[in-house]
Amino acid sequence: MTETQDIQEDRPQEKHLKDYQKPAFSFSNVFLTFELDDTQTVVTSELEIHREDSSNDPLVLNGERLNLISVEVDNKLLTEDEYTVEEKTLTIADVPDQFKLKTVVEINPVANTYLDGLYKSKGTFCTQNEPEGFRKITYFLDRPDVMSKYKTKIIANKGQYPILLSNGNKIDSGDFDAERHFVVWEDPFNKPSYLFALIGGDLACIEDEYVRHSGKPVKLEIYCEKGSTGQCEYAMEALKKSMKWDEEVFDLEYDLDIFMIAAVEAFNAGAMENKGLNIFNISCILADKATATDDNFVRVEKVIAHEYFHNWTGDRVTLRDWFQLTLKEGLTVFRDQEFTSDMHSRPVHRIENVSILRTHQFSEDAGPTAHPIRPASYIEMNNFYTTTVYDKGSEIIRMVYTLLGKENFFKGMKKYFELYDSKSITCNDFIHAMELASDIDLSQFRRWYEQKGTPTLKVSFEYDSQNKKFTLQTEQSNLKEGKDAPALHFPLKMGLIAPDGTEYKLPELVEIKEKKQSFTFENIDQKPIASLNRDFSAPIHLESPLDFEDYLFLMKYDQNDFNRWEASQEIAMQIMLSSIGSGQKSTLDPKYIEAFGSLISDNDLDPAFKALALNIPSESLMGQKQNIIQFNDNHKAREGIKKELANAHEKLFLETYHSLNIENDYCVEAKDIGLRKLKNCALAYLGYTGNKEHHDLFMKQFTSATNMTDQFAALSILNRIDCPERIEAMQKFYDQWHDNVLVITKWLSLQAISPLDGAIDRVEKTLKDPIFDYKIPNIVRAVMGSFFENHTHFHALDGSGYQLAQEQISKIDEINPSVAARLSAAFRKFPKLDEKRKEMLKASLEKLLSKKNLSRNAYEIINKSLNAT
């Protein structure tokens with residue numbers, strides 16, 4: 001579940017789903033021996049291989065950045081003329097139908113800054129093999145449909161590396177010689193090479209135990225850097241919650257006697273679900289109240305759950321090929337979303353998930369790198385660990401759940417495991433299991449796996465007062481697929497609300513299957529207001545004739561929490577967009593100001609929901625509504641509406657803040673998180689009033705905060721105000737936390753995201769600070785990723801933002817192409833730039849593309865962006 005890379009060939013070639021062929025050989029058993037060394041790690045691989053077809057084709061194994069020492073077939077040492085070594089392959093001709101292959105290679109973990117295969121993070125050896133990292137460890141048929149049983153022997157210096165871990169169960173250990181010891185691990189389950197894992201280091205550990213429903217105990221271990229064990233306690237509790245939830249909800253029990261997690265500092269992604277030995281980015285493990293915000297805690301819980309759930313949806317049932325990535329990721333994201341919804345507030349979590357989807361995935365779907373959740377082709381597989389594959393993939397699973405209903409969906413999951421346990425399969429196999437269990441035809445629904453872009457559903461209404469009938473007319477389209485795109489099948493949850501706020505009794509949803517459809521509802525005695533796509537039942541754009549007054553009505557009366565929030569967002573969006581280009585200062589409608597105030601003062605609302613409803617749509621979402629993005633105008637419009645609302649309700653915000661700013665023991669429960677969210681939302685609005693008297697309030701919270709949530713909230717507010725208090729607070733935070741990599745990334749992010757003048761200078765100064773390290777992805781993303789979200793400065797009219805981006809992407813690509821490619825996603829807005837900005841960005845992108853040895857990771861993203869229309 002992460003990224004890797006390869007250096008660009010002259011013309012990077014695409015791989016196509018249609019070209020899939022079964023592997024010619026199977027590998028029943030794999031025995032690996034590692035002799036760990038910083039620069040000369042020796043890896044001995046012993047493979048039992050069987051030919052699976054009737055051909056006499058040679059054995060071709062993947063291998064990159066390997067120094068081959070020897071090759072043996074059935075204990076016979078081969079001479080150099082009996083095999084061929086190329087840059088990315090080892091080929092052996094004339095192999096028998098069944099044989100044993102032994103290879104010995106040497107690799108350099110310290111030099112591996114790409115963070116795939118075997119590398120070192122600080123003093124710890126660790127691996128990352130998804131999708132194609134294993135070929136950087138040893139020669140192998142490195143593809144997910146080659147499943148084998150693994151035994152691993154690790155040999156290392158006793159003093160430097162007392163902890164040696166791999167997949168499965170420990171079966172042997174002892175002294176290897178006077179200075180080195182060894183440990184042998186054996187995994188009883190077949191797995192693909194991308195799930196292989198190894199850890200070697202001097203690490204601390206916390207231990208616990210979980211008793212499964214069957215009564216069998218599981219030993220739980222979390223490994224981390226010494227001195228950080230106290231920050232692992234929350235992760236351990238989250239792991240036990242995840243195991244319990246998966247047993248109770250999906251009836252899935254863990255299948256080994258030990259479950260281990262290791263946290264490392266340098267990691268390209270959030271975490272990796274290696275069988276029995278998950279490897280995590282420290283940002284997704286370490287958390288305590290002094291160093292982690294509420295959002296950090298929830299993310300730890302969510303990622304722990306996600307990786308644990310992969311034990312069944314990803315490890316036990318895995319992928320036939322990488323084009324099927326959403327099979328495991330979309331399904332597992334759905335599972336972790338359901339888990340988090342059960343642990344916290346379901347409506348709040350749904351709103352947060354949809355907000356992420358709209359901000360990132362809808363933008364991806366509309367841009368030059370748009371692709372179906374099951375791509376038809378790719379140049380670099382790492383570039384397809386996207387919000388489309390993950391988050392839209394999850395929405396497709398959610399639609400299956402909605403269409404089939406809870407009972408049928410879980411019957412389908414049971415059938416899925418009955419049919420495909422220990423197999424590598426496709427997305428079609430998942431749908432097939434659902435059809436078998438439910439007896440519901442999903443053939444049309446399969447089109448979701450093939451179409452790119454976000455569908456649009458245009459609706460209109462007719463009300464027949466004489467016959468008391470309401471008709472909903474729908475028309476679906478997909479701009480990315482064109483007018484001839486076949487119709488999709490999806491659920492549309494809805495409600496009809498009478499003028500007095502009561503709701504008519506209707507079926508919960510209608511099913512959209514045709515390009516044009518109409519649905520008539522009877523016994524509707526008054527003209528209703530329609531509440532559509534409730535709970536975001538389908539990942540679509542909705543175009544409706546609802547107006548400002550209708551949304552005010554829904555904001556007040558809609559019984560569906562998601563759609564009530566949606567109404568508040570739609571009103572704010574309409575106000576902001578309408579103010580752009582008018583040449584006049586926008587004045588908010590008093591009705592909206594009143595409705596907004598009613599939200600603040602409604603004590604019956606969940607505080608977390610209230611904080612979300614009081615938020616204003618982002619500049620990114622505004623840009624999605626525009627053919628040519630108006631970066632400066634969007635920023636001005638958003639700042640304007642927040643200032644006007646803040647000044648209109650300053651007293652109410654101040655009262656809300658003081659009523660919630662009470663000393664309590666810090667607790668990471670949904671209720672407490674919600675109260676802090678609302679408190680800090682109110683404080684943030686006070687920052688928009690322009691009233692300098694509130695600066696003391698911000699500083700007081702910053703200096704007296706007993707938890708990172710409150711400290712960072714106050715610092716974030718000051719970060720957008722040009723005042724002496726900002727300078728003081730930023731310096732104090734730096735002085736307090738500059739030795740803590742995780743916490744200082746928050747400070748780095750604020751430096752880059754601040755809307756104040758001088759952003760380029762701040763970023764360039766930050767890049768020279770001793771705390772900045774190009775080899776740690778968390779730090780690089782904190783600075784450059786945040787700067788790319790600072791729209792007015794990244795897209796500055798003088799081109800300085802583009803020049804900085806070009807220089808930094810070029811430098812980062814030489815160190816870690818995966819990180820460079822992810823950051824290059826910022827260029828996807830190229831087609832929606834005005835001509836002046838487009839010309840400047842074009843020059844920067846062309847300079848990047850002309851760079852010698854640009855990675856194919858970055859090449860694919862940049863080339864698509866530049867050539868988009």
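**Figure 1. Strands S5 and S6 form a hairpin with 2 residues between them.** In the turn, Asp74 has a positive phi of about 50 degrees. Helices (H or I, at least four residues) and strands (E, at least two) are DSSP runs, numbered from the N terminus. The model is predicted: local features need pLDDT of at least 70, side-chain atom pairs count only at pLDDT 80 or more, and totals for chains, interfaces and linings use all residues. Residues are numbered from 1 along each chain as its sequence is written, and side-chain values use heavy atoms, with hydrogens and water left out. Two strands pair if DSSP finds at least two bridges between them. S5 is joined to strand S6 (residues 76-77) by 2 bridges, and the two run antiparallel; Val73 stands opposite Lys76 in S6. A further 6 bridges join S5 to strand S9 (residues 98-107), again antiparallel, and the partner of Val71 in S9 is Thr103. Buried means under 20% relative accessible area, exposed over 50%, and partly exposed in between (1.4 Å probe, protein chains only). Because 5 of the 7 residues of strand S5 (residues 67-73) are buried, this strand is largely enclosed by the rest of the structure.

Figure 2. Most residues other than glycine have a negative phi, and most peptide bonds are trans. Asp94, which is not a glycine, has a positive phi of about 55 degrees. Is Asn533 buried or exposed? Asn533 is buried, with a relative accessible area of 4%.

**Figure 3. The peptide bond from Glu130 to Pro131 is cis.** Its omega is near 0 degrees. Pro131 is placed in the loop between strand S11 (124-128) and strand S12 (147-157).

**Figure 4. An open sheet of 3 strands has the order S29-S28-S31.** Strands of a sheet pair through backbone hydrogen bonds, either parallel or antiparallel. In this sheet the pairing is antiparallel. Strand S29 (509-512) and strand S31 (529-532) are the edge strands, each pairing on one side only. Neighbouring strands are turned by 35 degrees against each other on average, direction ignored. Between strand S28 (residues 490-497) and S29 there are 4 bridges; in one of these strands, S29, Val510 is the bridge partner of Leu492. Helix H8 (residues 548-557) lies across S28 and S31, running at about 70 degrees to S31. Axes are lines fitted to C-alpha atoms, for helices over the stretch in contact, and angles run from 0 to 180 degrees between N-to-C directions.

**Figure 5. The largest nonpolar core holds 163 residues.** A nonpolar core is a set of buried Ala, Val, Leu, Ile, Met, Phe, Trp, Tyr and Cys residues joined through side-chain atoms within 4.5 Å. Phe27, Phe34, Leu101, Ile285, Tyr416 and Phe430 touch the most other members of this core. Contact means heavy atoms within 4.5 Å. Leaving aside neighbours within four places in sequence, the contacts of Phe34 include Val42, Leu118, Ile137, Ile154 and Phe196. A second, separate core of 116 residues includes Leu546, Phe562, Ile641 and Leu767.

**Figure 6. Helix H23 (residues 800-815) has 16 residues.** From its first C-alpha to its last, H23 reaches 23 Å, close to the 22 Å expected at 1.5 Å a residue; the expected span is 1.5 Å times one less than the number of residues. Among its buried residues are Tyr802, Leu804, Gln808, Ile812 and Ile815. The buried residues of H23 pack against several helices, including helix H20 (759-767), helix H21 (777-788) and helix H25 (835-849).

**Figure 7. Glu619 lies in helix H12 (residues 619-624).** At 16% relative accessibility, Glu619 counts as buried. The C-alpha atoms of Glu619 and His791 are separated by 8.0 Å, although the two are 172 residues apart along the chain. Beyond its neighbours within four places in sequence, Glu619 is in contact with Phe631, Asn634, His635, Arg638 and His791.

**Figure 8. A search of the whole structure finds 0 disulfides.** A disulfide is a pair of cysteine sulfur atoms within 2.5 Å. The sulfur of Cys126 is 14 Å from the closest cysteine sulfur, in Cys224, and therefore too far for a bond. Cys126 is buried, at 0% relative accessibility.
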